Protein chains: 2
Amino acid sequence: MKLFSLKQVELTGGYLFEKQELNRNVTIHAVYDRFSESGRIGAFDFAWKEGMPHQPHVYYDSDVAKWMEGASWILCKHDEPLLTERVERLIDRIERHQQPDGYFNIYYTVCKPGERFTDRNMHELYCAGHLFEAAVAYAVATGRERFLHCMERYADCIYRIFVEEQSAAFTTPGHEEIELALLSMYRYTGNPRHLELAKWFLEKRGGPERDVATPAQNQSHLPVREQTQAVGHAVRAMYLYTAMAELAHLTGDGELLSVCKQLYADVTEKKMYVTGGIGSTRVGEAFTVPCDLPNEEAYAETCASIALLFFCKRMQENENLASYGDTVERALYNGVLSGLSPEGNAFFYENPLEITLADRYTYSWGGPRPLAITKRVHLFDCSCCPPNLNRLLPRLGEYLYGQEGDTLYVNQYAGSRLHGEGISCTMETDYPRDGRIRLTAEGVGKVALRIPAWCKTFTLNRPYELRDGYAYVENGGEILLTLDMEPFAVYASPRVAEDAGRLCVQMGPVVYCAEGRDNGGDLHTLALPTDFACQPYERKRDARIGLDTLAVKGYRMESEAGGLYTRTTPSLRPETIRLIPYNSFASRGESDMRVWLSALLR
Amino acid sequence: MKLFSLKQVELTGGYLFEKQELNRNVTIHAVYDRFSESGRIGAFDFAWKEGMPHQPHVYYDSDVAKWMEGASWILCKHDEPLLTERVERLIDRIERHQQPDGYFNIYYTVCKPGERFTDRNMHELYCAGHLFEAAVAYAVATGRERFLHCMERYADCIYRIFVEEQSAAFTTPGHEEIELALLSMYRYTGNPRHLELAKWFLEKRGGPERDVATPAQNQSHLPVREQTQAVGHAVRAMYLYTAMAELAHLTGDGELLSVCKQLYADVTEKKMYVTGGIGSTRVGEAFTVPCDLPNEEAYAETCASIALLFFCKRMQENENLASYGDTVERALYNGVLSGLSPEGNAFFYENPLEITLADRYTYSWGGPRPLAITKRVHLFDCSCCPPNLNRLLPRLGEYLYGQEGDTLYVNQYAGSRLHGEGISCTMETDYPRDGRIRLTAEGVGKVALRIPAWCKTFTLNRPYELRDGYAYVENGGEILLTLDMEPFAVYASPRVAEDAGRLCVQMGPVVYCAEGRDNGGDLHTLALPTDFACQPYERKRDARIGLDTLAVKGYRMESEAGGLYTRTTPSLRPETIRLIPYNSFASRGESDMRVWLSALLR
């Protein structure tokens, strides 16, 4: 389906709208301030010299470029003079310090002059990609193309060096990103060289550089057309697959699409947390093996879930399957938004599904046990996630609607207005706080409504045909869809060892967790009957987080016996279990936390 | 209580006797052969030069000394000319290469001459300790004191350097062992300097060397009298605590005993696996924090469980509590014997409580996930465990009987004969294959029989008084004790997160596990009702391993739903679960394995 662009869609109210506003009012500024304080903004002055503080890091360009892209997408909808001024000042400096041949990179200009394109793993092309994306966003948002022209010159420089001269010390980037960025650029400029260069980097991957050390870590172990399993660094993998899916769409490449479908299935059916988190290990921030989904050791980087959204979006362009919208929803409401504090100014990089503070010990041999941090922070050394949120949130409108022929597809539910060419739609809903969705469309004959995979019962005010996860209805008048928003139990596949005998609670698309601060210690002793949702439960709006908390009837395993091991069967004492949306974990300070609770199977 | 020495006790038949015989007939020779092939025996020629193979390692002396000690304890009971010849040839070389001042160490003589006692962490005093223990054993066993005299001279050398001159670069050893060895030597020689030197090393610990890097790793973080929590390297900790407990006994030091009791409680009530394994992490082969007992990542080194037996034995000398015998039994039948293959020639160093072969992946970033090996091996680079088995098994008789005043204590059950001074006893039993124990004692008025903590019901053919875990009876005629040997479920304390909602099966002292080869894959989907033992079950003698296997009625969790996450509650399909004694895991080749199975709590 053809997705509607940000210019055509506007969020008008509700939960996602509030997150967008939070980003516009708080997060985008908080990230800029932290970047300013940490020397990332100042690095664009190209004034750093040995001995000065804030030596530019290889990924500073990308951090700031992602912030610029985020600011641009906000400017697409809002007049924000401060953001405009900051972006323009950055563009001034980019223009000033771009080299005559088009090259632009702070680290390689200031710290390692003369060494450009010598080290595949130093994020040079990755930084270029993020600058390209920012330039396109700013052009789309404001119509001003000064930045874009700079970046087109940089793209020409890269084309010359990598394709024509082949004079770089490597063939493809160690961290993918430029591929998808060039495709975005191509969509805006229509310049076939941008498409060609993206294709070049994609098709060369896994060829000459197959024999580098640990090639799977950055998906260089095989030519992309032979890759069927998601491996290595999760963010890199998702950026690569996103570009592959977009190239397949833009060029009608069925073979490449087939590869993408296998990769999508491998991720979502074998390697994805219930929160939409991906990357089971911090070693290499990477995928491991099928169904290896440890909860406490989960890495599940915020960026990886964001990048999973990108991949789904591009797949959605290829295929009219609701599954892509399901995955977007799972990741967005859980593993993506968990990366942002309710106040909008503190972040998580890793998003584990379990925290036991007592496990965060220091080895007697020295050094801490390698587990995720448990307190939200304002800036990371490698601060890729916060500006990734900056650029995702303003753009959420793009995930809502699509069109194929005479059919309007509704992929996500949020209060919004669509104004396409000869097509319009108004959606009123307080989803996911409420399951009622009211929709009026014009200019199409049919409307296809995604029925979330989690939803067992729904009502529609007219006949429908269910196909590939969508309810297809004839258009005309007000369409009323009501999704059942009672809490329910989710079980992992029995193939997932870590979750066997456990369940997690979900309400709508929102995954819940228990925190120690609400439930006393020892969360592993909490147990829920499989029919807990048939018992009375409490549901209460938490204004701070914008969603409901739950109190359900469960049990606590206790033992009358002392000592470490006993023959006495643990007893189950009835206890109210208090649950909060997973995406707000640790937002009241650090605490034990658990998504998967013991299930009382019978 | 006073424990009876090896000379006074003889195993006459049954499971432990068979293990002793296996050691005498196979293991002791297999270890010698591996040590010979790997250059450990040859190292005693002191002929290694740069460029030659088999450079002596810092712990080669100790490996071979432990083997010599094991051979000696065998010689205590049996005429084994080959063992005698091998030990004598080693003593020849020790005598020949001992330095004029009494010093003896292969590594520091051959590889680093002139650098003796400069590096606390190079196992020099640890090697000395093992040589001392071997020399005492050989003297006890054979009456020949040539080796002992060599080692007495070495002890004098150490006394001079550490106590008189204080000229070494350190004060206490990085790896404890010499302390308990000197106490053994003192018990044999009666030389007060041996006692004094042991005390010196113990009392200096945690004093001057408190500020080394990672002092907790080798228990140097506090003076020993201030240590109340088991920390650091598990084997080192146990060797230290063993010496402390023995010193407390030998000197009637109540304060030190009180410290030992706290340490014992900390280990057995907070940091010990159900198998008697200790050391929760491979990082530093060490203890972590209370109730952190991961099953798959368990380190649980064979040596650590063996050393726990040593500690218990010394505590038993201090106090007439059955708890020490309970812990000996738990460790011996499970986490110690799991280190030895049923054939007696292959070993485990780590003894995890869970193996999932699919989890043994290589990170995409390179390198394997750090988990225990899954195949029994014949020689380790650091081959401390096999000779530790060599020296433990011949000496098991020492764990059986004790005396306090007019009471004979029976701490372990095994077919055996005791001949003490004015006291004798015959025990007939096929324990743990059978719960009937028949006992006739002479020369005492009372007999105290340990009633294992795992035993809920037992019968005794006379009145008894239960106190501190012992059933005290009047002596006279045949005493018949029958322990209930039905399988039962064991639950971990709810404080142990890893085992919450799980149970393990035990029969007598033997912990059982399920292997993939008997139960298909996905052991995490197996579940047992808490009353499984009330259902009919099968029990079958496995001649190869010398114990019974079990087949019990349980369930397998299954899901009709596809995909990774579902609202469909898993179903429980009845399935026979086949269990084998934990101590024989992986003895038919590598396989998935699990001790703690899901429990169907109600």
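Reader: How many salt bridges does a search of the whole structure find over all chains?

Author: The model is a predicted one, and this should be kept in mind for every value given here. A pair is counted when a side-chain nitrogen of Lys or Arg lies within 4 Å of a carboxyl oxygen of Asp or Glu. Over all chains, the search of the whole structure finds a total of 105.

Reader: With which residue does A:Arg539 form a salt bridge, and is that partner buried or exposed?

Author: The closest N and O atoms of the pair formed by A:Arg539 and A:Asp548 are 2.7 Å apart. A:Arg539 has a relative accessible area of 32% and is therefore partly exposed. For A:Asp548 the relative accessibility is 7%, and because buried means under 20%, the partner of A:Arg539, A:Asp548, counts as buried.

Reader: Is A:Arg436, which forms a salt bridge with A:Asp434, buried or exposed?

Author: In this pair the closest N and O atoms of A:Arg436 and A:Asp434 are 2.8 Å apart. The relative accessibility of A:Arg436 is 56%, and because the cut-off for exposed is over 50%, A:Arg436 counts as exposed.

Reader: Are B:Glu203 and B:Arg225 buried, partly exposed or exposed?

Author: B:Glu203 has a relative accessibility of 32%, while the value for B:Arg225 is 24%.

Reader: How do helix 7 and helix 8 of chain B run relative to each other?

Author: Two packed helices are described by the angle between their axes and the distance between the axes. The axes of helix 7 (residues 178-189) of chain B and helix 8 of chain B come within 8 Å and cross at roughly 160°. Because angles over 145 degrees count in this way, helix 7 of chain B is, relative to helix 8 of chain B, roughly antiparallel.

Reader: How many nonpolar, polar and charged residues does the contact of helix 7 with helix 8 of chain B have?

Author: On the side of helix 7 of chain B, the residues that meet helix 8 include B:Leu182, B:Leu183, B:Met185 and B:Tyr186, and on the side of helix 8 they include B:Leu195, B:Leu197, B:Ala198 and B:Phe201. B:Glu179 is also among the residues in helix 7 that take part. By class, the contact of the two helices of chain B has eleven nonpolar, two polar and one charged.

Reader: Which peptide bond is cis in chain A, and which in chain B?

Author: In chain A, A:Pro432 lies in the loop between strand 7 (423-429) and strand 8 (436-442), and B:Pro432 is placed in the loop between strand 7 (423-429) and strand 8 (436-442) of chain B. With omega near 0°, the cis bond in chain A is the one from A:Tyr431 to A:Pro432, and in chain B, also with omega near 0°, a cis bond runs from B:Tyr431 to B:Pro432.

Reader: Where is B:Glu285 found, and is B:Glu285 buried or exposed?

Author: B:Glu285 has a positive phi of about 50° although it is not a glycine. The residue is found in the loop between helix 10 (254-270) and helix 11 (302-318) of chain B. At 18% relative accessibility, B:Glu285 counts as buried.

Reader: Which residues does A:Ser184 touch, not counting residues up to four places away in sequence?

Author: A:Ser184 lies in helix 7 (residues 178-189) of chain A, and at 12% relative accessibility A:Ser184 counts as buried. Leaving out residues up to four places away in sequence, A:Ser184 touches A:Glu133, A:Val136 and A:Glu246.

Note on methods:
Residues are numbered from 1 along each chain as its sequence is written. Chains are lettered from A and ligands numbered from 1 in the order in which they are written. This is a predicted model: local features need pLDDT of at least 70, side-chain atom pairs count only at pLDDT 80 or more; totals for chains, interfaces and linings use all residues. Side-chain values use heavy atoms; hydrogens and water are left out. Buried means under 20% relative accessible area, exposed over 50%, partly exposed in between (1.4 Å probe, protein chains only). Axes are lines fitted to C-alpha atoms, for helices over the stretch in contact, and angles run from 0 to 180 degrees between N-to-C directions. Helices (H or I, at least four residues) and strands (E, at least two) are DSSP runs, numbered from the N terminus. Angles under 35 degrees count as roughly parallel, over 145 as roughly antiparallel, 65 to 115 as roughly perpendicular and the rest as oblique. Contact means heavy atoms within 4.5 Å. Ala, Val, Leu, Ile, Met, Phe, Trp, Tyr, Cys and Pro count as nonpolar, Asp, Glu, Lys and Arg as charged, and the others, Gly among them, as polar.
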